[in-house]
Amino acid sequence: MKRIIRKVVVLGSGVMGSRIASHFANIGCEVSLLDIVPKELTEKEKSKGLTLNDVQVRNRIADENLAATLKAKPSPIYHKSFTSRIRTGNFEDNMDWLKDSDWTIEVVVENLKIKKLVFDTVEKFRKPGTLITSNTSGIPIQSMLEGRSDDFIEHFCGTHFFNPPRYLQLLEIVPSDKTKEDVIDFLMQYGDLFLGKTTVLCKDTPSFIANRIGVFSIMAIFKLMQEMNLTIEEVDSLTGPITGKPKSATFRTSDIVGIDTLVKVATNNYNSCPDDEQREIMVIPDFVNKLVEKNWLGDKTGQGFYKKSKNEKGERVILTLDTDNFEYREKKKAKFGSVGAAKVIDNLGEGIKSLHYAKDKAGDFLRELSYYIFSYSSNRIPEITDELYKVDDAMRAGFGWELGPFETWDILGVEKFANKMEEAGHKPAAWVKEMLENGITSFYTIVADSYGENGVKKFYDLNSKSYKKIVGKESFIILDNIRSNKPVWKNSGTTLHDIGDGVLNLEFQTKMNAIGGEVIEGINKAIDIAEKDFRGLVLGNDGQHFSAGANLAMILMLSVEQDWDELEFVVRQFQNTMMRIRYSGIPVVAAPHGMALGGGCETCLHADQIVASAETYIGLVEVGVGVIPAGGGTKEMALRASDTYEKDEVGLPELQKRFLTIGQASVATSAYEAYDLGLLRKGYDTITINPNRVISDAKRAVVELAEKGYTQPIERKDIKVFGKSALGSLLIGVNSFKLAGYISQHDQKIAEKLARVICGGDLSQPSLVSEQYLLNLEREAFLSLCGERKTLERIQSILNTGKPLRN
């Protein structure tokens, strides 16, 4: 049957329930969020003369939980207006809303008895044929089906979201043996296409896949930390970004998730897996039990492994728990020679290899940890899944690992590391030995597809004892896989790939994908090649961020040396490249994700179309550095403001809005917010929920533009600016901010120069000007600000600490 999800009912409004409701609202569904009816009035309700029969009392729990969720940072919602898609109710008055629901999701407390009581009520109101799922993280799916109708059972499944649902990509789909195949297929596809998830089909085993492997790895880290006498800081330095794990590493992650939650999952794994060969590792260590006893559970109680405090100067500091004496102390910087050596290696895989084969304490720890994880992961197949790639998918999407266990093992060398594991007393699963004996030495291989165009990643399948294509990823364009093919062109900072159908993709590959000379060269070369032999170009990459902006180190160096001619040449070249993107002979589509700041934002603004990941944080942030946007960003804001003016209108409000967008260095916290800032254009630029689909959707946009008969645009010479008539108003506002103490004297100088550019300079009356006229003003203002000492101090501060000075 054809399913369309318009209305969703979420039963349970706690931390997960309200966040799941918010994410369904993000994608346009009408959501009903229900919870229990309070049994007592609060003092506030009593003072208002309310009774237990009043609606605001009966819906209080759902209302308060949703309100608390919507205040959370980072926000669970893409845009504040989307909250209107959620209505609240309760289990006694509003269960009849299920009659209109296309999907009902149970997210009540993890107690089988309570869940069954909820399902008893669901059976009375649910429309036959509609989806009914549970967000359980550990209760067996089969155990929930006792007493349920056939239709309920056939349409029931586990749908395990990870918290926070907006940001963590994993959605584990856990069917029973009686769930209809078309229901499973629908949930897998819907989770991918509409919810933006990496959907992983799991067996109904304790903690499913991600929590089974992930919590085991944390417990193994606890064990090794004690055995090797490592500090919390030392462990976090080794289990964070340096090895492809989240910045929060192990102990900060535990604080965020909740130490009590970690204990519950580990205890459940211990109790539910009597035959697990590593069961004893799941026994909670004494130092963790002591934290629970003291109610030091992490962020939710204000302290856990780390604690926020203030020093004698009143400055905020982060203290670390000493697990020996249970006192908090100042953080100690971890120092390992191998870590320092790995930090200068750009390639993550090579860095991981360097660390694992290092001869110091860091290398010893990481090798032993990987022995545990690789052995455990291989022995969980086929228990928790038949396909090894699902383990890697689950760990990347659910725990934020850049590489899953089997992907990491491949990098280290499967046979070499398996031998070292056995020498250390850790046994890989028998199927790994068999695989190696059969001459297959890696878990994955990348081969050309049937058209010889793009790289296709295949995994080793235990049943057939051969490589098989990963199902469900045919629509993804994954640049990591294409790199095995010969690139069309490359330099030290970019690679140009043929991604099929006559479309090229230019991938930035500098640190943070910063834009310097090599990226500028890459963009121009890509357009040259595309104009000659291809239909169009995508600007996109698989990095953590699209681009953090211009190469500040180069700007600082030229400014300090006062090499103004060279700096002027660099800025002019950047401007010309942005205009080349805008006025090339082929369609150029930008595919941003993560951070697209400063020059990264300007690159997007000049593309024919933007296809943005929903999780795109885009903005013109140059003012924070002490300059103004000079890669066409200020020009583009003036142009876009001009396009909104009616004939003979003085469009000061729109101009002020664009001025403030730049002047306040505003950054959209989602692609949807970027519409409000004027950085994305409604009707032109689109948003893709699943980040894995952004490049493929951008490619599709290029093809569509080409097939419509793309014509090279003509440079604009009709941009309306107001000169002094608008400049005076903006300068009055800037001066008011300075007098009120909101901005510094240097901020005032930056804002005044910005105002002059966006108003078109000192023109005595409204005029029509060209893009080049505004670019010249931009460049002049930028260069003058680079000569300011306070600007150089800000740039130096950002390079040193990642934060600008408040000067």
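The model is a predicted one, in which local features need pLDDT of at least 70, side-chain atom pairs count only at pLDDT 80 or more, and totals for chains, interfaces and linings use all residues. Residues are numbered from 1 along each chain as its sequence is written, and side-chain values use heavy atoms, with hydrogens and water left out.

Two packed helices are described by the angle between their axes and the distance between the axes. The axes of α26 (residues 633-642) and α32 (residues 771-786) cross at roughly 135° and come within 8 Å; angles run from 0 to 180 degrees between N-to-C directions. The crossing of α26 and α32 is right-handed. On the α26 side, the contact (heavy atoms within 4.5 Å) is made by Gly633, Thr634, Lys635, Ala638 and Leu639, and on the α32 side by Glu771, Leu774, Leu775 and Glu778. These contact residues comprise four nonpolar, two polar and three charged, with Gly counted as polar.

Turning to helix length, the 13 residues of α7 (residues 181-193) should span 18 Å at 1.5 Å a residue, which agrees with end C-alpha atoms 18 Å apart. Buried residues (under 20% relative accessible area, 1.4 Å probe) in α7 are Val183, Ile184, Phe186, Leu187, Tyr190, Gly191 and Asp192.

For α11 (residues 259-272), Ile259, Asp260, Leu262, Val263, Val265, Ala266 and Asn269 are buried. Their cover includes α8 (210-227), α10 (251-257) and α12 (286-293).

Terms used. Helices (H or I, at least four residues) and strands (E, at least two) are DSSP runs, numbered from the N terminus. A crossing is left-handed if the near helix is turned anticlockwise from the far one by less than a right angle, and right-handed if clockwise. The expected span of a helix is 1.5 Å times one less than its number of residues. Buried means under 20% relative accessible area, exposed over 50%, partly exposed in between (1.4 Å probe, protein chains only).
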